[in-house]
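Subject: Handing over a structure

Hello,

I am passing this structure on to you, and I hope you enjoy looking through it. Please open it alongside this message.

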Amino acid sequence: MPLPLVWLGTAAIAAALIADEREKQKEIAKKRLHGNAVADHTTGASAELSPSLWHTGDKKVELEPGSIICCFVFGVIEHTGIWLGDDTLVELHGSGLIRAVSTRRFLVGRSGSRVFQACNHLHQPLVGEQIIARAKQAIFTYREYDLLDNNCHRFVWHCLSGEEKALSSFSKLNNEIGLYFKEAIYWDEAII
């Protein structure tokens with residue numbers, strides 16, 4: 001008898017968290033619409049608007065070649081890559097192979113059907129100068145994959161900056177992107 005009560009309690013807490021997340025998303029969308037969104041990155045901070053399974057933003061953005069994109073892996077962690085254009089992106093696969101794949105392939109085996117793009121407060125994609133060249137040059141090479149030290153976030157950071165830096169989490173990648181562009185990061189849902 002107590003087990004169903006635990007399930008009900010867990011479901012109620014999850015519903016409250018989802019409602020709170022949706023409210024935060026709506027507030028950020030409203031601020032952006034009225035030109036009151038945070039524009040500058042704060043050192044040590046993650047994204048102002050993180051990707052969300054419950055994304056409520058009304059504004060979807062066109063993918064721009066050279067932009068940083070992400071999707072969810074089973075709703076728990078984020079997987080990142082570099083958009084090349086023409087339905088092609090470059091990712092570091094868990095096998096260590098850096099490969100060019102379609103958006104459909106990028107999402108296979110992962111949760112949902114949404115791709116998010118790193119943008120500024122004005123919904124403009126953040127694109128680095130050498131990011132496409134570095135991403136293309138890496139295709140069909142291998143890295144010694146490690147979930148914490150040599151993961152997709154490290155690969156994306158290398159494509160953007162040319163530096164090798166262990167980034168153990170999506171939050172740490174967001175901080176580095178913010179420092180690089182000197183802008184707050186907003187993960188906007190992309191039109192795919």
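Below is what was found, starting with the whole protein and moving on to two of its regions.

Please keep in mind that this is a predicted model. The protein has seven strands and five helices, arranged along the sequence as α-β-β-β-β-β-α-β-α-α-α-β. Of its 192 residues, 43% are buried. Among contacts with a separation of 6 or more, 65% link residues 24 or more positions apart. The exposed surface comes to about 10300 Å², with 56% of it supplied by carbon and sulfur atoms.

β2 runs antiparallel to strand β3 (residues 77–85), joined to it by six bridges. The two form a hairpin with three residues between them, and in that turn phenylalanine 74 has a positive phi of about 55°. β2 also pairs with strand β6 (residues 111–119), again in the antiparallel sense, over three bridges. Have a look at phenylalanine 72: its bridge partner in β3 is glutamate 78, and its bridge partner in β6 is serine 111.

Next, the helices. How do α3 and α4 lie relative to each other? The axes of α3 (residues 131–138) and α4 (residues 152–161) come within 7 Å and cross at roughly 130°, so the two helices are oblique to each other. From α3, Ile131, Arg134, Ala135 and Ala138 meet Phe155, His158, Cys159, Leu160 and Ser161 of α4. Six of these contact residues are nonpolar, two are polar and one is charged.

Best wishes

Note on methods. Residues are numbered from 1 along each chain as its sequence is written. This is a predicted model: local features need pLDDT of at least 70, side-chain atom pairs count only at pLDDT 80 or more; totals for chains, interfaces and linings use all residues. Side-chain values use heavy atoms; hydrogens and water are left out. Helices (H or I, at least four residues) and strands (E, at least two) are DSSP runs, numbered from the N terminus. Buried means under 20% relative accessible area, exposed over 50%, partly exposed in between (1.4 Å probe, protein chains only). Contact means heavy atoms within 4.5 Å. Accessible areas come from the Shrake-Rupley method with a 1.4 Å probe; for residues, only the protein chains shown count as cover. Axes are lines fitted to C-alpha atoms, for helices over the stretch in contact, and angles run from 0 to 180 degrees between N-to-C directions. Angles under 35 degrees count as roughly parallel, over 145 as roughly antiparallel, 65 to 115 as roughly perpendicular and the rest as oblique. Ala, Val, Leu, Ile, Met, Phe, Trp, Tyr, Cys and Pro count as nonpolar, Asp, Glu, Lys and Arg as charged, and the others, Gly among them, as polar. Two strands pair if DSSP finds at least two bridges between them.
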